[in-house]
Amino acid sequence: MRVKVTLACTDCKQRNYHTMKNKKNDPERLEMSKYCKFCKKHTSHKETK
């Protein structure tokens, strides 16, 4: 049930991170606070297609 997802910065829209998630436990889109090397600060990153 684990799938690979890509996280994109909500400020600059760059796709920075790849991670795994369990679709059964987290059916909605993932959102995390991560460091964006393009913005040079911590921003919210959301799951993209």
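Visitor: In this predicted model, which side chain does the side chain of His 45 join through a polar contact of 3.1 Å?

Guide: The pair involves side chains on both sides, and the two atoms are 3.1 Å apart.

Visitor: Which backbone oxygen does the side chain of His 45 reach, and at what distance?

Guide: His 45 belongs to strand β4, which spans residues 41–48. Its side chain reaches the backbone oxygen of Thr 43, at 3.2 Å.

Visitor: Is His 45 buried or exposed?

Guide: Among the residues that His 45 touches are Leu 7, Tyr 17, Leu 30 and Met 32. The relative accessibility of His 45 is 0%. Buried means under 20%, so His 45 counts as buried.

Visitor: What distance separates the C-alpha atoms of Leu 7 and Lys 46?

Guide: Leu 7 lies in strand β1, residues 2–9, and is buried with a relative accessible area of 0%. Its contacts include His 45, Lys 46 and Glu 47. Although Leu 7 and Lys 46 are 39 residues apart along the chain, their C-alpha atoms are separated by 5.2 Å.

Visitor: What is the phi of Lys 13, near which value in degrees?

Guide: Lys 13 is placed in the loop between β1 and β2. At 60% relative accessibility, Lys 13 counts as exposed. Its phi is positive in a residue other than glycine, near 65 degrees.

Visitor: Is Lys 40 buried or exposed?

Guide: Lys 40 lies in the loop between β3 and β4 and has a positive phi of about 60 degrees. Exposed means over 50%; because Lys 40 has 63% relative accessibility, Lys 40 counts as exposed.

Definitions and conventions
Residues numbered from 1 in each chain as written. Predicted model: local features only at pLDDT ≥ 70, side-chain atom pairs only at ≥ 80, totals over all residues. Heavy atoms only, no water. Helix = DSSP H or I, 4+ residues; strand = E, 2+ residues; numbered from the N terminus. Buried < 20%, exposed > 50% of the residue type's maximum accessible area, 1.4 Å probe, protein only. Polar contact = N/O pair within 3.5 Å; in protein donor to acceptor, adjacent residues only side chain to side chain. Contact = heavy atoms within 4.5 Å. Lists of a residue's contacts leave out its neighbours within four places in sequence.
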